Each structure stands twice: as C-alpha cells, then as structure tokens.
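I opened this notebook to record what I looked up in the structure shown below. My entries go from the whole assembly to single side chains.

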There are 2 protein chains.
Amino acid sequence: MKKSLLDVIRRKKRFLVTMHAHPDPDAMGSALAMTLFLKSIGKDVRLINEDACPRWLAFMPRVKLCQKYTGRERFAPEVVVVLDCGDLERIGKVRSLVPEGALVINIDHHITNTHFGDWNDVRARYSSTAEILYQVLKNAECRFDRDIATLLYLGILTDTGSFGFDCTGPHTHEVIAELLRFGLPVSRLYQKVYETIPVGDLRGFLSLMNRLEISCGGRLAVLSMTRREADVFSRDFDVKDKVFQMLRSVKGLQVIMIAAEVGPRRTRINFRSRDGFDVARLAARFGGGGHKKASGCFLDKGLKQAREAVLSEIRKGL
Amino acid sequence: MKKSLLDVIRRKKRFLVTMHAHPDPDAMGSALAMTLFLKSIGKDVRLINEDACPRWLAFMPRVKLCQKYTGRERFAPEVVVVLDCGDLERIGKVRSLVPEGALVINIDHHITNTHFGDWNDVRARYSSTAEILYQVLKNAECRFDRDIATLLYLGILTDTGSFGFDCTGPHTHEVIAELLRFGLPVSRLYQKVYETIPVGDLRGFLSLMNRLEISCGGRLAVLSMTRREADVFSRDFDVKDKVFQMLRSVKGLQVIMIAAEVGPRRTRINFRSRDGFDVARLAARFGGGGHKKASGCFLDKGLKQAREAVLSEIRKGL
C-alpha cells in the first residue's frame, strides 16, 4: 500500500513549506493551507517564498504566515514541502534552505513535473495544486476550517479561469461543493480576484486598447507598448494580463500578441492563441517558450523591428 | 407526501413547454431539456416561445426544437410547462395557447414568483431554473444524456456568472459535477457563451468605452449613448451587457449607469451597483424597477436632461 502523507510526516518536527517565486493564488493558497494544516497538528513550520506576497493577494486568509526569503534564515527543516513547482529550481533562492538529507514532498499538477521529491503527488489531470492538496489533506485527516477552505477555493477558482478551462472536471466541482459548505462568500472572493483594474488606471487602459491593431481578416490582434506607455500604470496593475483577458471575449481572434519595449534594443513579446494555433512553436523560433495557447520570447531588437519580425512569422501560419 | 412531477404528467399526452420572451441560456436551456425529457417518455410535446431563439444561442444542442410563436398554432395542450418565469405574463403572446383547464407546471427560481401554477416548484435559493430542473428531472427518473447535460450546464453557468454570484452554493457545484460526467467540452462552451464581441464591433466598443465618465472619487461611472452611436453595432452584439461586464473588473466603482437615447424625448437608463448601493430604489424613483444590484427605468426626457436628472439623485446617495 502506498504510504500516506500522514505516515511520512508523523515522526518529523520541523517543516519548511514553499512554492514557486512570483506566487499566484494557487501556489500561495496551497502553501498557506499546508502550513495551517501542519500547525494544526503541532508541527514547527515556516512558510518562506523567494518573493514577498504580491499586494493583490494580501486579502488571502492568514497571508502573514508567508515570509519573504532574506538569506539570514536559521532553520534546519527535516521536511520540505514544495507546492505547485514543476521542478525544484522554481523555488529560487529558497533552495539554499533545503538541507542535505531533508525529506522533500512534491505536490503539483504540472505535466512537466520532474518528480524531484522523496514523496511525490503529481496529478497532471487535476486543475490545480489546490485541488490535489484537498485530497492529500483529506487523506491526512486534516480538520478543514473556513480559512483552509477559502485558500484552496481561491487556488482552484483562478487556475481554472473561473471553471472555464478544460482542466475543470467533475472532481473539481465536487471539491468546490465541499469547500463552499464552510460558507465562503462567493461573490466577494470572485471580486477580489477578478476586479483588478484600479479605477485610476482605467483611462490609460482604454486609450491603450484603442490602439489595438486588428488584421488577417479579424484573426490577429497586435498591441505595441513603449516603456513610457507602460510606466503610466500603477505598480499593482498587470496591464498585459488585462489586455489578454479582455480580448478573450472577442469572437474570431486566433492570435493575440503584445510587444512591449524593454530597452532601446530589447523587446518582450507575449502571445495568446485559440483554435489550435500553436504559439509555443512560434515563440520557440525566437528562442522563447511556453504552452500551445500562451507563450513568450525576447528579441534583441527595438520595438518596431521586433514587432515586424514576429508579424511576418505569424502571417505565414495564419 | 408531495406529488412528484412524474405523477402529474403520467396520464397526460399533449404538452406545451415555454419560457419568458427574450430567452437567456437558463430559460432556453431549461425549456429544451424539459422538451427532450418529455419526448423521451413518449409525450406529444411542442416548445414555443414568443421570440425566435437569439442567434448567439444557436449553438445550443437541439435548439431547432424551439419554435417562434406565430398565432396560427393549432395545438391544445393538456399540460403547459412554464420555465424561468416569475409570473405567467412573462410568456407573452404564448399565453393565448394555454387552454382553459390546462394543467400548468411552474418551475422557477425567482424570489418574486407568484406561484401561478397548478404544480409549482419554486426555489428562490437556487442559482437558476436549470439547477432546479436537474433535481426535478432526476426525481422524474429522466435518463440524462449529453444534450440534456449541456443544456442544463449552460443555464447554470450563465445564471451564476460563471460560478461567481452568491447564488452559487454547494448544491450548484454538485449538480455541475454530475453534468460534467457526460464529457462536456468545458472551454468550448465557455467560449460560446462569453466570447461575444464580434471582431467588427470591437473598434466601436472601445471608442464608446473611451467616453466613459468617472466621478464621485471613482465610485460612479456614466456612459451616454445616442441612437446613432448605438446603431453602429451589429444586431447580435449586446453593447450594454458588455459595458457592464467590462466595468465589473474595475475596482472601487459602486454605481454604473448607462443612459441610452430611445427618442428625442425618451431615454432608457440602466444601472448596476455593488457594495450595497440599492439601484432598485433609485430606479423606482423614476417609475422603474429591478433588483438591488441591477435595475432600469425610462424617462420622458432627452438624453442630456435625463442623464442630469438621474445623476443628481445618485449624488445624493453616494
């Protein structure tokens, strides 16, 4: 019989919980839920991430348990729980806190996971790490509470694009049904996660959107953004993410491209696609990478030149 | 013991299924699912609506079963199944097809439902008529299939705002889990429902959005639209709906108002609100009505005057 997580951790005392740098709600929610569970069974546990918690996630319950890595930590964990990471590199500098001989627990849903742990629970068909963790915690006889339920809910909500991605299966909704029994304020949480345009950035966002160029018979949308244009937005506003999100509701677009000036001779390109157009392959041609529907690359060219170089490649395929 | 639907319909032969005029996916999906169920148990059933099925819902399975009312129907149903209607008026002209003495079955989730049926299944705490109908059909020993599952799924998906409204409870997700077992293509259905800006309308939509006025310290957003401005959009594009949808992602807005010119001395106003601001009461002051968070009214004034009249009322409350 497969060892359960409870067997693994029963005799250990000191735990480090961590996740990938630049945490999203699935990573942060899973890490916080795991930390709360370990605390509830009396373990000595620290939650450390390379980055501080992003401000837009500051509303998550018990978020103050998460500490930013400083390099001055004095802590020798016996067990390291790594959440939402395809490989151990993704925890970044926190790696220096993993002692030789520590037991590594790896819980993740990425198909590319390298099974780097001593104990691995990797389920690529699950929507999110939070969905797997729900099962792991249930098997470990975790006493769920409203905080843990909220944290797992937020991970699943966001990694499924509000239950709209194909990774959303019957099991996903079963887990959510269980979590909602803790009386979660559905619309308030939804707002926290998706109402993310600061009102002061709306004007700038709309005028940027107005410069969108549509071509290839309505199948291609391109937006170029100079550094000066990008700098008008407040720090917490992820303008690219909002552009992609808004264009998601436009019919017929197959490829969306954002070209953003990094320096006079350096440009960042991000792609999103639909209907089978493979932007991972497209990005790879410029030394970048990613998924079939979402990818990116850097070009050592100025904004205009980079834009033209990429467009001529896209037009070949569209 | 309460009579089940199966008892009610067992000895009847001819059924009329209908729902409110201007059907949305919950009404249309529920009516089609009910029709399929009645057909599957050998009933003579017709599905008639005052309006033709809107083009954006043409992708729904078995949608051709729905006929537009013509007034020339020769059909004397023994049972009329009314779905998603708070009162019988909402079925519009189809009312003339309801014979004296016909048994009326009323399945609905509106809190204002008048219990107009001979058999009523009204559950105001449910997210949607489709969520109730799932239970009704299950109790009636319906053999679910992929079409019925898809139809109920679409009703629940849209009436919960993709599971983001507070009407979304544990039961909602349990039902969805069951429906997804029929192998529904989640992201394709999501796209069909939410990718609703025709690419040809994008430019006009963005330039309209650019004219949005924000005031009251970022709490109020107002958009005025002349008839000429509204007429540039293609018939299938619900521009007001998209304005509201987009502004949903802006932080801090409490009231959103769209003023649309109907004629030289007539203006339609629509409101959405958040954080407890009651726009039903606001609309009522102008003879309109609706819900606390979504309402509307007509004013017998030109666009500018109507706008000013309403704004001065709003400012008293904000």
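The entries that follow are grouped by topic.

**Basis.** I worked from a predicted model, in which local features need pLDDT of at least 70, side-chain atom pairs count only at pLDDT 80 or more, and totals for chains, interfaces and linings use all residues. Residues are numbered from 1 along each chain as its sequence is written, chains are lettered from A and ligands numbered from 1 in the order in which they are written, and side-chain values use heavy atoms, with hydrogens and water left out.

**Helix 5 of chain B.** Helices (H or I, at least four residues) and strands (E, at least two) are DSSP runs, numbered from the N terminus. I read "buried" as under 20% relative accessible area, with exposed over 50% and partly exposed in between (1.4 Å probe, protein chains only). In helix 5 (residues 170-180) of chain B, 8 of the 11 residues are buried, so this helix is largely enclosed by the rest of the structure. His173(B) is one of the buried residues, as are Ile176(B) and Leu180(B). Their cover includes helix 5 (170-180) of chain A, together with helix 3 (129-139), helix 4 (146-159) and helix 6 of chain B; contact means heavy atoms within 4.5 Å.

**Helix 7 of chain A.** I listed the buried residues of helix 7 (residues 199-209) of chain A as Asp201(A), Leu202(A), Phe205(A), Leu206(A), Leu208(A) and Met209(A). They cover an arc of only 155° around the axis, which puts them on the same side of the helix; the arc is that of the directions from the helix axis to the C-beta atoms. Within chain A they pack against strand 8 (220-225) and helix 9 (239-247), and across in chain B against helix 7 (199-209), strand 7 (213-215) and helix 9 (239-247).

**Rings.** Rings of Phe, Tyr and Trp (its six-membered ring) pair if their centres lie within 6.5 Å; planes under 30 degrees apart count as stacked, over 60 as edge-to-face and the rest as tilted. I counted 9 aromatic pairs over all chains. Among them, Tyr190(B) and Tyr194(B) are tilted, at 4.8 Å centre to centre and 50° between the planes. Both lie in helix 6 (residues 186-194) of chain B, 4 residues apart, about one turn of the helix, and both are buried. Ring pairs also link Phe205(A), Phe233(A) and Phe237(A) into a cluster.

**A sheet in chain B.** I traced an open sheet of 6 strands in the order 7-8-9-10-12-11, with mixed pairing. Two strands pair if DSSP finds at least two bridges between them. Strand 8 (residues 220-225) and strand 9 (residues 255-263) of chain B run parallel, joined by 6 bridges. Here Leu223(B) stands opposite Ile258(B).
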